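The following paragraphs lead through selected features of the structure shown below.

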Amino acid sequence: MPQRRVAPGERRGRRATDPLENRIVCEGFRGTWWRLDPPPLERRTVVLADGQLDALTAARAHLGNPGELLVVARERVDETLCKELRRFAEGRPARPGRIWLTTSGSAGRPRLLAHTLSSLTTLAGPPPPHRWLLPYSPGTYAWWQLVALSLAFPGQDLVTASGPRPDQWLPVALAEGVDAVSATPSFWRLALASADPGLADFRPRQITLGGEPVDQPLLDRLRGVFPAARITWIYASTEAGACVVVHDGKAGFPVEWLERTDGTKPGLRVRDGQLYVRPVHGADGVPEWIATSDRAEFVGGRVALSGRLGQDQLNVGGLRLSAGQVRDVLLAHPEVHWARVFARTAPFVGSVVAAEVVSDASEGELVSWCTNRLPGHAVPRFFTSLDTVPLTTTLKSHLDKAARRSG
């Protein structure tokens, strides 16, 4: 359908005070939450959403409904998750008002955890009006965060797009006056690597990142391209909810936040290189302190989170190193758009560090860059450069996996 270009910052004339007057632009639907006209939910409802509109309609139906709701994108459902959904649907009393979310399964099989709209709404007060791009997979924690925000506060519109590539979301964002985006770092790396000319016309006031480790080079590049935006990164999980929210443009969070005793804020501590959190907005039944399995390092007065402990740690010739540290060094190179670091089997030494990169720099330049910044055993010995043709495919695959993990 034809789309009207909205000037940046333009808002609808009447300031609504009811969140259900927030507007939704999704898969041909243009209207408010009120107009979604949802069907009544059952006592316990599982919605296998074929798209964003199915999922948003289910979320609207949950308001005032005494039953339980679980929303999951149909494309995410595999045999393992099917077994969990059957357990959900069978043989236990309903828990009124519960919204169930599936974990990613990165630490084992997927689990179902119960939230409420209240636990998913983590802001203390009304935020400034925004029109948000909603890029997350339906039913994930990050998806529910934006949906709960729009259902709780006036002035929080939602706009969906058909995919994560800039050519899929940027024209819609420009046409609909999107001024806020919450997405994964991979989403933004894909956008910046594309050099889409439309980015010059996009002027967001709010950029929020989460779901993956956030490195300083990406934050700096976003600041350079979008100087007027407030840039926020959030550390959150389905189990613990949002635990770290940083607005200062720096990777990691201040060490002063550790061991704080203010019960209104999530607790944070580091033990044996692992981050532990005491949630304030966690799922039902979680322990007081949760071991996150995320690697935490002290860097220049900050606590840096580089990745999962089991996945992030490499063993090279008996020496342990962080793949995230090597990745951050590569991403700091001005001509590297994306990088993945892993161990590769090699004769005599057992394994060496290898990397896949999307880069305009030569392999020799990258080796020299890493040699000047890393100990010898951490310098990647093998590079696989991905040219422009597989760039979209590779990054989209990485983004899709990250979107599933962000649940």
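A crossing of two helices is called left-handed if the near helix is turned anticlockwise from the far one by less than a right angle, and right-handed if clockwise. The model is a predicted one, in which local features need pLDDT of at least 70 and side-chain atom pairs count only at pLDDT 80 or more, while totals for chains, interfaces and linings use all residues. Residues are numbered from 1 along each chain as its sequence is written, and side-chain values use heavy atoms, with hydrogens and water left out.

Helices (H or I, at least four residues) and strands (E, at least two) are DSSP runs, numbered from the N terminus. By the criterion for handedness, α6 passes α7 in a left-handed crossing. Two packed helices are described by the angle between their axes and the distance between the axes. For α6 and α7 (residues 216–225), the angle is about 55° and the axes are 11 Å apart; axes are lines fitted to C-alpha atoms, for helices over the stretch in contact, and angles run from 0 to 180 degrees between N-to-C directions. Angles under 35 degrees count as roughly parallel, over 145 as roughly antiparallel, 65 to 115 as roughly perpendicular and the rest as oblique; α6 and α7 are therefore oblique to each other. Where they meet, α6 contributes P185, W188, R189 and L192, and α7 contributes L218, R221, L222 and V225, contact meaning heavy atoms within 4.5 Å.

The charged side chains come next. A salt bridge is a side-chain nitrogen of Lys or Arg within 4 Å of a carboxyl oxygen of Asp or Glu, and the whole structure holds 17 of them. One of these joins E176 and R30, at 2.6 Å from N to O. Because E176 lies in the loop between α5 (166–175) and β9 (180–183) and R30 in strand β2 (residues 29–32), this pair ties together parts that are 146 residues apart in sequence. E176 is buried, at 1% relative accessible area, whereas R30 is partly exposed at 28%; buried means under 20%, exposed over 50%, and partly exposed in between (1.4 Å probe, protein chains only). R30 and E176 also belong to a network of salt bridges with R131 and D157.

A further salt bridge links R205 and D179, whose closest N and O atoms are 2.5 Å apart. R205 lies in the loop between α6 (185–194) and β10 (206–210) and D179 in the loop between α5 and β9, so parts 26 residues apart in sequence are tied together. R205 is partly exposed, at 37%, and D179 is buried, at 4%.
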